[in-house]
Amino acid sequence: MLEKSPPPHRQPPRRHGTGFSSLAEGVLELLASGQASTRTELAALLGAAPSTVSFAVGQLLDHGLVAEEGTRSSTGGRPRKVLRLGGSDGFAVAADIGGKHAHVGVVHPGGGLTDVSTVPFATADGPEAALPGLADTLQTLIDRHGPGRLRGVGLCLPGPVDVEPGLVTLPARMPGWNRFPVRDWFEERLAVPVAVENDANCMAVGEHSVRPAEHRQSIMVKVGSGIGAGIIADGRLYRGATGGAGEITHVRVEAAQDTPCSCGNTGCLETVASGAALVRILRERGLRVGTTEDVVRLATDADPEATRAVRQAGRYLGQVLAANVNFFNPDAVYLGGILSTLEPFVAAVRSQLYEGCHPLVTQHLVIERTSLGADAGLAGAGQFALQRALAQAMHAVTGEPGFR
């Protein structure tokens with residue numbers, strides 16, 4: 001495989017500070033996600049001098065956090081040494097939690113997924129009732145691959161997450177979960193680092209890791225029972241000042257009027273464009289639907305009422321997204337979640353973006369479904385887990401603070 005260079009029309013801006021800890025953070029993050037595997041690729045993506053990157057890599061090699069294996073041919077020069085994470089025979093287990101199910105699997109360094117399955121998970125029963133069964137499921141995966149090789153656990157939750165303590169804050173659709181210590185609960189039982197993150201953020205990170213390196217600005221929108229968005233800015237997840245970046249679901253839209261929202265306000269986007277809203281709307285029109293899956297089934301079967309409602313929901317989402325796209329000017333908008341499987345929905349979002357955005361903003365804008373599909377959140381959660389494990393390892397061997 002040939003070495004990839006940054007596009008000639010722009011050089012990726014610097015992502016990290018000049019200290020060893022911040023640069024090492026970038027190196028480990030890129031190796032963990034599989035976005036880079038040589039010093040040349042690292043230097044291009046980090047926007048740092050090759051000599052500076054080589055020094056950081058050398059320090060990580062000395063501490064056993066990075067290893068070299070084999071070489072890769074390059075154009076116009078000598079073969080490049082391939083880098084991998086130290087102890088890369090390890091793995092993480094991850095769970096992407098939804099309203100009634102959890103998507104679980106094993107995540108390997110570099111982004112590979114195995115043992116992926118979906119299991120029942122009753123979010124509405126509260127954490128103390130729902131988490132023990134999930135822990136047992138993850139333990140089965142751990143035992144299958146070897147407990148001694150487990151590096152961390154990643155959890156993807158459908159609500160606002162306070163990353164530092166690892167808990168959900170004021171979730172609209174998770175009764176009993178507010179400020180429950182999810183991370184501490186799992187770390188006590190599994191005795192490994194645990195990373196807890198919002199589902200849209202996990203999807204954004206997972207999808208970003210498999211996209212072209214030059215796509216450094218993107219918005220990932222997850223549309224299921226609710227709506228969420230994750231933002232990649234300059235190649236990294238952007239959480240905002242208090243972790244609330246991407247909360248487009250509670251933007252007020254004129255069409256929603258005074259419809260009450262689960263957040264306690266009225267007129268939010270969620271009340272007219274989410275899966276839960278479509279269930280309500282179609283029931284009011286006399287259709288027998290109980291879940292978002294029912295809506296998708298009807299629309300897939302070309303039911304005219306369901307298709308019309310789905311298309312309108314896509315328009316409302318596209319209208320709100322257009323303001324964000326005009327402001328942020330991303331390389332790409334990715335659509336995930338169960339409603340993104342419906343072509344009328346995706347087409348309506350795309351149409352509104354082209355209609356509502358400045359031509360300069362949409363000139364090269366990619367608007368498409370997530371390429372990882374339902375696995376995007378799982379891949380991102382696993383990457384967060386591996387990065388948290390690496391941060392703790394780096395702190396243990398160097399005394400430098402780790403990264404989140």
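Q: How many aromatic pairs does a search of the whole structure find?
A: The search finds two aromatic pairs. Rings of Phe, Tyr and Trp (its six-membered ring) pair if their centres lie within 6.5 Å; planes under 30 degrees apart count as stacked, over 60 as edge-to-face and the rest as tilted. This is a predicted model, where local features need pLDDT of at least 70 and side-chain atom pairs count only at pLDDT 80 or more, while totals for chains, interfaces and linings use all residues. Residues are numbered from 1 along each chain as its sequence is written, and side-chain values use heavy atoms, with hydrogens and water left out.

Q: OK, what kind of pair do Phe121 and Trp177 form?
A: A tilted one, with 6.2 Å centre to centre and 50° between the planes. Phe121 lies in the loop between strand S5 (113–120) and helix H4 (127–145), and Trp177 in the loop between strand S8 (167–168) and helix H5 (182–190), so the pair ties together parts that are 56 residues apart in sequence. Helices (H or I, at least four residues) and strands (E, at least two) are DSSP runs, numbered from the N terminus.

Q: Are Phe121 and Trp177 buried or exposed?
A: Both Phe121 and Trp177 are buried. Buried means under 20% relative accessible area, exposed over 50%, and partly exposed in between (1.4 Å probe, protein chains only).

Q: And what about Trp185 and Phe186?
A: Trp185 and Phe186 form an edge-to-face pair, 5.0 Å centre to centre and with 70° between the planes. Trp185 counts as buried at 12% relative accessibility, and Phe186 counts as buried at 0%.

Q: What lies over the face of Trp185?
A: Arg189 does, at 3.7 Å from the ring centre. A charge sits over a ring if NZ of Lys or CZ of Arg is within 6 Å of the ring centre and within 35 degrees of the ring normal.

Q: New topic. Which residues touch the most other members in the largest nonpolar core?
A: Val221, Leu317, Leu321, Phe345 and Leu353 do, in a core of 42 residues. Such a core is a set of buried Ala, Val, Leu, Ile, Met, Phe, Trp, Tyr and Cys residues joined through side-chain atoms within 4.5 Å.

Q: What is Leu317 in contact with, leaving aside neighbours within four places in sequence?
A: Among its contacts are Val221, Ile248, Phe345 and Val349. Contact means heavy atoms within 4.5 Å.

Q: Where is His208 found?
A: His208 is in helix H6 (residues 199–208). His208 is buried, with a relative accessible area of 7%. Beyond neighbours within four places in sequence, His208 is in contact with Gln35, His215, Arg216, Ile232 and Gly235.

Q: Now the strands. How many residues of S3 are buried?
A: Seven of the seven residues in strand S3 (residues 91–97) are buried. Phe91, Val93, Ala95 and Ile97 point one way, while Ala92, Ala94 and Asp96 point the other way. In a regular strand the side chains alternate between the two faces of the sheet.

Q: Which strands does S3 pair with?
A: S3 pairs with strand S6 (residues 150–157) in the parallel sense over six bridges. S3 also pairs with strand S4 (residues 101–107) in the antiparallel sense over six bridges. Two strands pair if DSSP finds at least two bridges between them.
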